[in-house]
Amino acid sequence: AAARRCRVMARRLGQRLATTKRGDWRELALEAEALAAALCERRKHFRRGDGSALPETPLPEAGGLLRRATSAEFAGASGAYRYDARLLLLERAWDLVFREAQVATATALTKDATSKKSSLRQMIMGSGKTTVLMPTLVAALADGTTLVVAVVPPALVVFTRACLAKALARPSLGARPIRRLRFGRRTFMGISLLKKLRAIARDGGVLLSDPTATKALFLKSVEVMHRLDEALRFRRDQRTESAARDARRKSKSGFGSLFKSSKSKAAERERAQALGLDAVQEGHQISQDGFEVDPAREKFAAEAELRSLRAQAQVATDVLGLLKTRSVAVLDEVDVV
């Protein structure tokens, strides 16, 4: 990127030399200074072999003159350099040079995220949090196994997605996908959600979300597990009551009890006819609202709901496990989120 910029500046400088009049040298001097600054630009993520920072250039000399540092002074006694290849690749892909504060912040946050530590950094407005630092962290942390989740306020979702798409859609970075999490309390937690998160982690992409969708995902997981626990408890209580009812029936079994039961059924039938009510078919019940209820159909609906809750609970468990063990959350504007 620096070499390309230097070639452009040199070309413009040559054009100015060919067209500038003899007495007008101000713009030419500015172009020359810009070219010299581009040639002397120092990569902030480069270090000496011993880990110390590279010297600033130019260096002061005796007599108030300035000179450029030699290669030995740059490299130090070891004669070697240390640099972050990821930042060098991003500088080449994005055609920029990272600032010192950006390099320090990105390095610290990446190191803390790799070691499973929470970290917080404060940066002023205009320091490149959304346009530079967010894409840098995504590109550095999304290694094919880790799911990177970017949580931003709702007002910044569109802008953040545009910045990430512009930065990560470069062919040299593998055209990483940017997916939006749209989730609510009424959303069905199906297997498609789990497949989506796994695909994003596998492709080295980023999951963009807002605080509302993130909270809804966790609350929905808790709700599904609570409903499943209540359904299983109710089913267990029903089985206990049915077993106790069967035991009482066996203890009172006999011809007299059967005869009494048939008499009571006949009395209920006669009473229904006297009141003008239709007779209820055998094996059916009447609900509190007065509607006829089919026990077989009701049992089938309960079994279907129980299977649905079990499937959603399994997906919720896998999603929460993925977010807990193999994910990194990058939060922008923490005071608003």
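Which residues in α6 are buried? In this predicted model, in which local features need pLDDT of at least 70, side-chain atom pairs count only at pLDDT 80 or more, and totals for chains, interfaces and linings use all residues, the buried residues of α6 are Thr130, Val132, Leu133, Met134, Pro135, Thr136, Leu137, Val138, Ala139, Ala140 and Leu141, where buried means under 20% relative accessible area, exposed over 50% and partly exposed in between, with a 1.4 Å probe and protein chains only. Residues are numbered from 1 along each chain as its sequence is written, and side-chain values use heavy atoms, with hydrogens and water left out.

Because 11 of the 13 residues of α6 are buried, this helix is largely enclosed by the rest of the structure. The elements covering its buried residues include the helices α4, α5 and α7 (157-168) and the strands β5 (147-151), β7 and β10 (327-331); helices (H or I, at least four residues) and strands (E, at least two) are DSSP runs, numbered from the N terminus.

Helix α4 (residues 85-94) packs against helix α6 (residues 129-141) at an angle of about 125°, with the axes 11 Å apart, the axes being lines fitted to C-alpha atoms, for helices over the stretch in contact, and the angles running from 0 to 180 degrees between N-to-C directions. The angle makes α4 oblique to α6, given that angles under 35 degrees count as roughly parallel, over 145 as roughly antiparallel, 65 to 115 as roughly perpendicular and the rest as oblique. On the α4 side, Arg86, Leu87, Leu90 and Trp94 meet Val132, Pro135, Thr136, Ala139 and Ala140 of α6, contact meaning heavy atoms within 4.5 Å. By class, seven nonpolar, one polar and one charged residues make up this contact, with Ala, Val, Leu, Ile, Met, Phe, Trp, Tyr, Cys and Pro counted as nonpolar, Asp, Glu, Lys and Arg as charged, and the others, Gly among them, as polar.

The axes of helix α5 (residues 100-114) and α6 come within 10 Å and cross at roughly 40°. Here Gln102, Thr105, Ala106, Leu109, Thr110, Ala113 and Thr114 of α5 meet Val132, Leu133, Thr136, Leu137, Ala140 and Leu141 of α6, and the contact has eight nonpolar, five polar and no charged residues.

Within strand β7 (residues 206-209), Ser209 is buried, with a relative accessible area of 0%. Leaving aside neighbours within four places in sequence, Ser209 is in contact with Ala150, Val151, Val152, Leu181 and Thr214.
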